[in-house]
Amino acid sequence: MQQDATLSWPTRSMIVLIALLQGLMLFAAQELADQWPFRDIGWRYCWYAWVLTVPTAVALTLVDLKAWRLWLHAGLASLLVLALAAWTAWNLSGETALYAAVLQVALSICLAVATFIALPWWQFRLHAGHWRADYGALFERAWQNGLTLVLAAVFTGLTWLLLWLWAALFRMVKVDFFHVLFGSDAFIALATGMLAGFGVLIGRTQHRAMQITRQVLFAICRGLLPLLSFIAVLFVLSLPFTGLAPLWATRSAASLLLVLAVLLISLANAVYQHDDGTPPYPAWLRRLVEASLLALPIYAGLALYAMSLRVSQYGWTLSRF
């Protein structure tokens, strides 16, 4: 990832331009909601699914504008994303707008997650010329991508806070121009896209700062993983004494169980990283962490059973979905 720090200015400009075009394309779909093909809610979210996945992947990956593999992969990814979204949209033909919107939002989230998972392999092939990536390379790229996206979101949010402060200050003296401008749909879409592009660019070019941030984050994860592992193991051991009925009575059992599972997987990944021969904990703490990881299928099974109970009670209704 060191080559990101030496991105050429045309490449940097292209990254910001891609993000700006993303905002423009989202705004266009909103403004042309009564025109074909955006008139149909299914096809509109098909457009959203592509705009939020493939261009983002390109912005996180772009190094050389002349790299033909990048554009080939982007084209193949576009075909796959559009095919999946179009198939879902076709199956939703005639459904209510709210129902179609809920399912298409779920599809967009799933596609975004799948793109994030597949992206390190894509980036590795562009750099090495083949798909046989070792775990260390995938680990490096996955965390770099994740932190870059978080930085882009934080940078965009903080800049919007400054813009709102700007508008509020002038509104106090009866100057509403900035309040109206910053609140318009076109400005929101284009400014958000451009700011996100600058955030991605900062994350990709400030290699040393991102490395330090990651080291601090990993240190925090290393301190929290034993506690989370203890909680996970203790909860599983308590179930035979408490029974499952109180768990189902919460009506949010699946969400809580899955949140714990995702946190446990993420922290374990951050702590163990790739095998360098140095144990991160003493032997007794490693046994505790390993026991919590062995309990993950129990959490997944309980979450699945909790959802099956709700489905049997309420069916596949919109609110239950």
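Me: What should I know about the model first?
Reply: It is predicted, so local features need pLDDT of at least 70 and side-chain atom pairs count only at pLDDT 80 or more, while totals for chains, interfaces and linings use all residues. Residues are numbered from 1 along each chain as its sequence is written, and side-chain values use heavy atoms, without hydrogens and water.

Me: At what angle do H8 and H10 pack?
Reply: About 140°, with the axes of H8 (residues 207–242) and H10 (residues 253–272) 9 Å apart. Axes are lines fitted to C-alpha atoms over the stretch in contact, and angles run from 0 to 180 degrees between N-to-C directions. Helices are DSSP runs of H or I, at least four residues, numbered from the N terminus.

Me: Which residues of H8 and H10 make the contact?
Reply: Among them are Phe218, Leu225 and Phe235 of H8, and Leu257, Leu264 and Tyr272 of H10. Contact means heavy atoms within 4.5 Å.

Me: Switching to rings. How many aromatic pairs?
Reply: The structure holds 14. Rings of Phe, Tyr and Trp (its six-membered ring) pair if their centres lie within 6.5 Å; planes under 30 degrees apart are stacked, over 60 edge-to-face, the rest tilted.

Me: How do Phe177 and Phe178 pair?
Reply: Their centres are 5.3 Å apart and their planes at 75°, so the pair is edge-to-face.

Me: Is Phe178 buried or exposed?
Reply: Phe178 is buried, at 17% relative accessible area. Phe177 is exposed, at 53%. Buried means under 20%, exposed over 50%, partly exposed in between (1.4 Å probe, protein chains only).

How values were computed:
Helix = DSSP H or I, 4+ residues; strand = E, 2+ residues; numbered from the N terminus.
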